[in-house]
Amino acid sequence: MANSLRNKRLFLVNLVKIMAFVGCLLGLLLVVLKVENMLLSSLLAFVISYLLGPIVNSMERWGVNRVVAALLSFAVVGLILTLGIVAVLPLVIEQVGSLKQELPKYVDGLTRIMTDLQTNAEALVGSYFDIDIAKQVESAVAPWTQALFEDLPAFVTKSITTLLLAPFLAFFMIKDGKILTRNLLNLVPNSIFEPTLNLYHQINEQMGHFVRARLLEALIVGIVTWIGLFIIEFPFATILALFAALTNLIPYIGPIIGAIPALAIAIINGESNFGLFLVGSVYLTAQLIDAAFILPVVVAKIVDLHPITVVVSIMAGAQVLGVVGMLISIPVASILKVTVSTVYRHLTDYREV
Amino acid sequence: MIAMWDNLFRNKDAAAEVREILKGTYIFQDLNQKELKLLEGMVHVRIYKVGEPIFRQGEIGVGVYVLKAGGVEISIENPEPNANSEEPQITVVTQLRAGDFFGELSLVEDNSRRGASAIATEESVLIGFFKPDLFEIIERNPSMGSKVLLRLSEALGRRLRVTTGKVRELNKEIKNLKVTDGQ
């Protein structure tokens, strides 16, 4: 009797604790999703804290106080980034300016290619399908390219808010992240405490590896593409390399998207076959270097997701959150996979010892 | 307002109390005050009601528990049920009191399974220290990590010695029984 009463009370306590824990997580999620600029800022903050965390740990190993180590690493990395931006920004601004000027030429070129394509296709299958591809492309591309430059100021303002908020959040994640996690874990009922703690650490470790690996890949692909395009004296090398680095963050599809603008520019400019081959080679070399030197080192540490899962996750991410969704789809899929397998293992895998 | 200050000081007292208990624990005894403060920031203080399991035999385990207050019973389950009942046989191995620690094997073993069950026999406060925290200490403060690992190895070695002694005693008993049977 006393036992059953005790069990009932224990069940109630555990239920309240689980509700409080889930409630806190949902509350945090709501803040991140609903407060303006918060999603991007917190994602960036996570990225910064995953990048700087190991540096702060190393400095602490040499005896530097954690807060001082965090401040120092932020200052040094901030300085390097500022110098980098100051060096690269004029090039980017100049290339964006000339791209803006030459844009009508490229839209016309794209339309011309599409018209040729249509003529060839009609010659093959007859004019059974009465679709004017060129007109459709022009009406789709022109407003988009126009909007790209019109939205640029708003995008820059938003980026500045994010760029200020993200390091602020990241600093406290590195300094007090442990306390926050511990307080949150305090709410977890005893019966699932160890699996939850284990799960949290697994996710944390995998995300750290994932973020560092992806950024390293993007950096190397960006640099190789930049050098390659410079060597073959291709126009807009800096923004094309930046674009290739950014799209490379998306697995499988990213590298292809990254190469499209350069190939399109080459075709529109009427480059010879050899020219097209050179542009293609630059992008291919970047991917080969990535595949030969980076992937073997880092891939083993990242959650092993099947290529189909990766592509479906990216599509789902793009549908829900657009470009941000594409970027976070793989980590989110990995988190789901680790969570489901850990919970399943905890519930079913009991062994006699 | 007074309650808030009271709470604040009580929290400080609680932290100092945790450090005190950790300092008195075999595996953490070599740590200095600064290291104990770092450790105190990592451990998890958990409260268990009477009869509540801390972990069960066969479950995956990731850490060691230090008993701060209360009592814990360690028992093993024999999977072969007794001839007279369907229930598995449960043998109580030991009763632990404040200051004792248990479950340390899972700190070093990969995919460790709990070899016994631990159940609170009274309302108990436990301090949990887990494998990821040990790894973090090794990364952030290697000299502190070495101190903990050395004591941990010693504790595991001591338990191994006790187990070997018991096996030897049991072997002797089996031999004696065979001799008696032969006569």
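This is a predicted model: local features need pLDDT of at least 70, side-chain atom pairs count only at pLDDT 80 or more; totals for chains, interfaces and linings use all residues.
The expected span of a helix is 1.5 Å times one less than its number of residues, where helices (H or I, at least four residues) and strands (E, at least two) are DSSP runs numbered from the N terminus. Residues are numbered from 1 along each chain as its sequence is written, and chains are lettered from A and ligands numbered from 1 in the order in which they are written.

**Helices of chain A**
- Just after α6(A), Glu233(A) takes a positive phi of about 55°.
- Helix α10(A), residues 307-348, spans only 28 Å between its end C-alpha atoms, whereas a straight helix of 42 residues would span 62 Å.
- A kink of about 145° is centred on Leu321(A) in α10(A), the bend being the angle between axes fitted to the seven residues ending at a residue and the seven starting there.
- Among the buried residues of α10(A) are Ile314(A), Met326(A) and Pro331(A) (a residue is buried if 20 or more other C-beta atoms, placed from the backbone, lie within 10 Å of its own, exposed if 12 or fewer, and partly exposed in between).
- The buried residues of α10(A) pack against α6 and α8 of chain A.

**Where the chains meet**
- In all, 18 residues of chain A are in contact with 25 residues of chain B, contact meaning that the C-beta atoms of two residues, placed from the backbone, lie within 7 Å.
- The largest share of the side of chain A that touches chain B, five residues, comes from α6(A).

**Chain B**
- Chain B has five helices and eight strands, and buried residues make up 28% of its 183 residues.
- Helices α4(B) and α5(B) pack at an angle of about 135°, with their axes 5 Å apart; axes are lines fitted to C-alpha atoms, for helices over the stretch in contact, and angles run from 0 to 180 degrees between N-to-C directions.
- The two helices α4(B) and α5(B) are therefore oblique to each other (angles under 35 degrees count as roughly parallel, over 145 as roughly antiparallel, 65 to 115 as roughly perpendicular and the rest as oblique).
- Leu134(B), Ile137(B) and Ile138(B) in α4(B) meet residues of α5(B) including Pro142(B) and Val148(B).
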